[in-house]
Amino acid sequence: MVSFKALTTAALLATSALAAPHGHIHDHMHRRENTRTTTTTTSSKRGAAYNDASLVSSLSSVSWAYDWNMYTMGDLPSHVEFVPMLWGSKMFTGWFAAIQTLLNSGSEYILGFNEPDMASQASMSSTDAARYYKEFITPLSGQAKLVSPAVTNGVGADMGLDWMRNFLNSCTDCGVTALAVHWYGDSAEDFKTFVGKAVDLATEFNLEGGTWVTEFALNSDLSGTGDTSTSSDFLGEVLPWLDEQSGVARYAYFMCADGYLLSGKELSLSGKTYSA
């Protein structure tokens with residue numbers, strides 16, 4: 001969940017306190033010119049959520065990556081597919097020119113808005129999001145596979161999966177092919193339950209592209225001290241489970257950065273598990 005003030009901001013930090021269990025802090029680096037990337041042929045679901053493209057090479061097991069942006073912000077490894085995102089309304093200007101460049105370079109997917117059910121993030125009602133999606137993303141159907149906005153695991157009216165259901169009901173003609181969700185919590189059991197509900201929702205709406213879990217982590221990791229046995233044990237349990245779920249198309253742990261999957265530029269304990 002990367003906050004967004006301006007694409008040229010060097011480093012942006014935001015905390016989220018609206019929808020428990022969220023309370024994490026994300027960095028967002030300034031944009032750089034897009035660099036052509038090569039789509040991998042691997043069938044791996046595992047991806048990297050990053051701010052610094054140069055660090056992604058540390059995660060040897062990933063086949064795709066994204067940075068909450070429509071620019072790669074550096075050079076990714078040649079085998080790692082870049083997936084662009086339209087973060088929210090503050091990125092509408094310049095979107096069509098940027099995404100066309102990426103599509104011409106081989107990008108095959110487009111991610112929708114970042115946590116629109118959160119006031120501190122893209123902050124859109126499900127109705128408004130459907131209208132914006134039709135205007136800015138649906139026209140690209142046929143050129144790329146379209147992924148829904150990514151909602152939190154918050155609970156309440158027009159929050160989390162309730163927001164997603166409302167959005168999908170309002171966007172039956174939007175060309176959405178896959179469903180995206182985020183999860184932050186305290187146990188593998190809760191994570192599996194939430195992902196299972198997301199998969200069921202994607203199946204209900206006949207989204208052939210399945211479910212993308214584009215952010216997930218334990219709450220205890222969000223202080224930037226992810227080099228713990230608890231984190232590693234959690235990943236050791238949920239990664240094989242995710243790989244076995246036919247309804248889960250892709251996933252990315254939060255995140256490829258120092259204090260999370262990395263310790264400096266080396267793999268942290270959790271990073272070693274993620275790269276195993």
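This briefing describes selected links and backbone features of one protein structure. The structure is a predicted model, in which local features need pLDDT of at least 70 and side-chain atom pairs count only at pLDDT 80 or more, while totals for chains, interfaces and linings use all residues. Residues are numbered from 1 along each chain as its sequence is written, and side-chain values use heavy atoms, with hydrogens and water left out. The structure holds one disulfide, and a search of the whole structure finds six salt bridges.

**Disulfide**

- A disulfide is defined as a pair of cysteine sulfur atoms within 2.5 Å.
- The cysteines C171 and C174 are joined in this way, with an S to S distance of 1.7 Å.
- The angle about the S-S bond is -80°, and the link of C171 and C174 is left-handed.
- Both C171 and C174 are buried; here, buried means under 20% relative accessible area, exposed means over 50%, and partly exposed lies in between (1.4 Å probe, protein chains only).
- The cysteine C256 is also buried, with a relative accessible area of 1%.

**Salt bridges**

- A salt bridge is counted when a side-chain nitrogen of Lys or Arg lies within 4 Å of a carboxyl oxygen of Asp or Glu.
- One of the salt bridges pairs R46 with D243, and their closest N and O atoms are 3.3 Å apart.
- Because R46 belongs to strand β3 (residues 46-50) and D243 to helix α5 (residues 229-244), this pair ties together parts that are 197 residues apart in sequence.
- The helices (H or I, at least four residues) and strands (E, at least two) named here are DSSP runs, numbered from the N terminus.
- In this pair, R46 is buried at a relative accessible area of 8%, whereas D243 is partly exposed at 38%.
- A further salt bridge is formed by E237 and K192, with the closest N and O atoms 3.1 Å apart.
- This pair also links distant parts of the chain, since E237 is in helix α5 and K192 is in helix α4 (residues 188-204), 45 residues apart.
- Both partners are partly exposed: E237 has a relative accessible area of 41%, and K192 has a relative accessibility of 23%.
- R131 and D128 form another salt bridge, in which the closest N and O atoms are 3.4 Å apart.
- R131 and D128 are three residues apart in helix α2 (residues 126-136), so about one helical turn separates them.
- R131 is partly exposed, with a relative accessible area of 45%, and D128 is partly exposed as well, at 31%.

**Backbone features**

- The peptide bond that joins F254 and M255 is cis, with omega at about -10°.
- M255 is part of strand β10, which covers residues 248-256.
- M73 is not a glycine, yet its phi is positive, at about 55°.
- The position of M73 is in the loop between β4 (64-66) and β5 (81-82), and M73 counts as buried at 1% relative accessibility.
- E115 is likewise not a glycine and has a positive phi, of about 45°.
- The loop between β6 (109-110) and α2 contains E115, which is buried with a relative accessible area of 0%.
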